[in-house]
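This report describes selected features of a predicted model. The sequence and structure are shown first, followed by an account arranged by topic.

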Amino acid sequence: MDLQLKDKVYIVTGGSKGIGEAISRHIVAEGGKLVIATRSKEATEILAAELRAAGAEVHTVIGDLQELSNCERVIKEAVAEFGRIDGIVNNAGVNDGASLEKGPAAFRASINLNLFHYYDLVHYALPYLKESKGSIVNVSSKVALTGQGQTSGYAAAKGAQLGLTREWAADLLPYSIRVNAILPAEVMTPLYRKWLDSSFDDPAAKEAEIVANIPFEKRMTTADEIAAMSVFLLSPKSGHTTGQFMIVDGGYVHLDRSLT
Ligand code: NAP
């Protein structure tokens, strides 16, 4: 299937590690032009060099998206470099364990880390998305639906991303801009590795316990499987799909517990 991304321009936040890296690779494989917006300088330089060497057009913007000026810069540079914006994948985020015990300052910091830039980028990109009838993909989390424990800030931000997905899908109907969310559950990435290693005395045992509870094939979802859904949602081939929450998780959230 031709996803018709060729020569179109897509911004991926956190686009050089984990799920974001896989989405970046899929966009380029489909012929799209890529803007990676992230604070991970080294990983981005390595990935951009590899993709450019293979013929892709890649622009990178290094900076913390918690800074409003960096969000504005991402959009300005994307347009200066490529002249248009066809889609945004809001993906950068950190499960930072801002629990009830950690208090109001940690909670506010977690919302800042995980939520505001989703809004800010779309705000600044709006004129260009209206021109292109673009597509927005918000990477949320199953935590928005299930909770996790010890992570109030992240859970609140991920839930708010679902609220914004529906709100923007409604708001942007007049411009034929589609807005959808993807909810991963268990995907091995640098973030996930860090969470396992820092949260449990025996990370290997915890990992085995989690994997045993994933109904489909008793394995984690791959970043490529999240990326495949992402490029489909960016593509005109999903032209009548908007306001949806895509739960790409091997049945982890919804299937009968007795199956595992
Ligand atoms: P990851 O491996 O840590 O990659 C995320 C990238 O985004 C990193 O390069 C990170 O930089 C960057 N980033 C984070 N906050 C940023 C900010 N404020 N400004 C600029 N860059 C920032 O994470 P991942 O596991 O791929 O997660 C990607 C998304 O999927 C997140 O929204 C996460 O909540 C969601 N998700 C993941 C899972 C999973 O199982 N992995 C499950 C559910 C939802 P640093 O390395 O410096 O932090």
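## Helix H3

Helix H3 covers residues 68-82, a run of 15 residues. Its first and last C-alpha atoms lie 22 Å apart, close to the 21 Å expected at 1.5 Å a residue. The buried residues of H3 are Asn70, Cys71, Val74, Ile75, Ala78, Val79 and Phe82. An α-helix has 3.6 residues a turn, so residues three or four places apart point the same way.

The cover over the buried residues of H3 includes strands S1, S2, S3 (58-62) and S4, together with helix H5 (116-132). After H3 comes Gly83, which has a positive phi near 80°.

## Helix H1

Helix H1 has 12 residues, which should span 16 Å at 1.5 Å a residue; the end C-alpha atoms of H1 are 17 Å apart, in agreement with that value. Buried positions in H1 are Gly18, Ile19, Gly20, Ala22, Ile23, Ser24, Ile27 and Val28. Just after H1, Gly31 adopts a positive phi of about 90°.

## Nonpolar cores

The largest nonpolar core comprises 30 residues, and Ile23, Ile27 and Leu34 have the most contacts inside it. Two or more residues of this core come from each of strand S1 (9-13), helix H1 (18-29), strand S2 (33-38), helix H2 (41-53), strand S5 (135-139), helix H10 (223-234) and strand S7 (245-248). H10 gives the most, with 6 residues. A second, separate core has 25 residues, among them Cys71, Ala125, Leu129 and Ala169.

With residues up to four places away in sequence set aside, Leu34 touches Tyr10, Val12, Ser24, Ile27, Val28, Leu51, Glu57, Val58, His59 and Phe82.

## The largest pocket

The largest pocket holds about 1,000 Å³ of space. Its lining consists of 47 residues, and those nearest the centre of the pocket are Gly93, Val94, Asn95, Thr189 and Leu191. By residue class, the lining divides into 20 nonpolar, 18 polar and 9 charged residues.

At least two lining residues are supplied by each of H1, S2, H5, helix H6 (143-146), helix H7 (152-171), helix H8 (190-199) and helix H9 (203-212). H8 provides the largest share of the lining, 5 residues.

Ser99 lies in the loop between strand S4 (87-90) and helix H4 (104-114). Ser99 has a relative accessible area of 5% and is therefore buried, the cut-off being under 20%. Apart from neighbours within four places in sequence, the contacts of Ser99 are Gln150, Thr151 and Ser152.

Gly153 is in helix H7 and is buried, because its relative accessibility is 0%. Leaving aside neighbours within four places in sequence, Gly153 is in contact with Ala98, Phe107, Ser110 and Ile111. The C-alpha atoms of Gly153 and Asn114 are separated by 8.2 Å, while the two residues are 39 residues apart along the chain.

Ser132 belongs to helix H5. With a relative accessibility of 18%, Ser132 counts as buried. Not counting residues up to four places away in sequence, Ser132 touches Arg84, Ile85 and Asp86. Tyr175 is 43 residues from Ser132 along the chain, and the C-alpha atoms of the pair are 9.1 Å apart.

Ser176, another residue other than glycine, has a positive phi near 55°. Ser176 is placed in the loop between H7 and strand S6 (178-184). A relative accessibility of 41% makes Ser176 partly exposed.

How values were computed
Residues are numbered from 1 along each chain as its sequence is written. This is a predicted model: local features need pLDDT of at least 70, side-chain atom pairs count only at pLDDT 80 or more; totals for chains, interfaces and linings use all residues. Side-chain values use heavy atoms; hydrogens and water are left out. Helices (H or I, at least four residues) and strands (E, at least two) are DSSP runs, numbered from the N terminus. Buried means under 20% relative accessible area, exposed over 50%, partly exposed in between (1.4 Å probe, protein chains only). Contact means heavy atoms within 4.5 Å. A nonpolar core is a set of buried Ala, Val, Leu, Ile, Met, Phe, Trp, Tyr and Cys residues joined through side-chain atoms within 4.5 Å. The expected span of a helix is 1.5 Å times one less than its number of residues. On a 1 Å grid over the protein atoms alone, a cavity is a set of points where a 1.4 Å probe fits but cannot get out, and a pocket is an open set with protein on both sides within 12 Å along at least five of seven lines; lining residues have an atom within 4 Å of a point. Grid points are joined across faces, edges and corners, and a volume is the space filled by probe spheres set on the points. Ala, Val, Leu, Ile, Met, Phe, Trp, Tyr, Cys and Pro count as nonpolar, Asp, Glu, Lys and Arg as charged, and the others, Gly among them, as polar.
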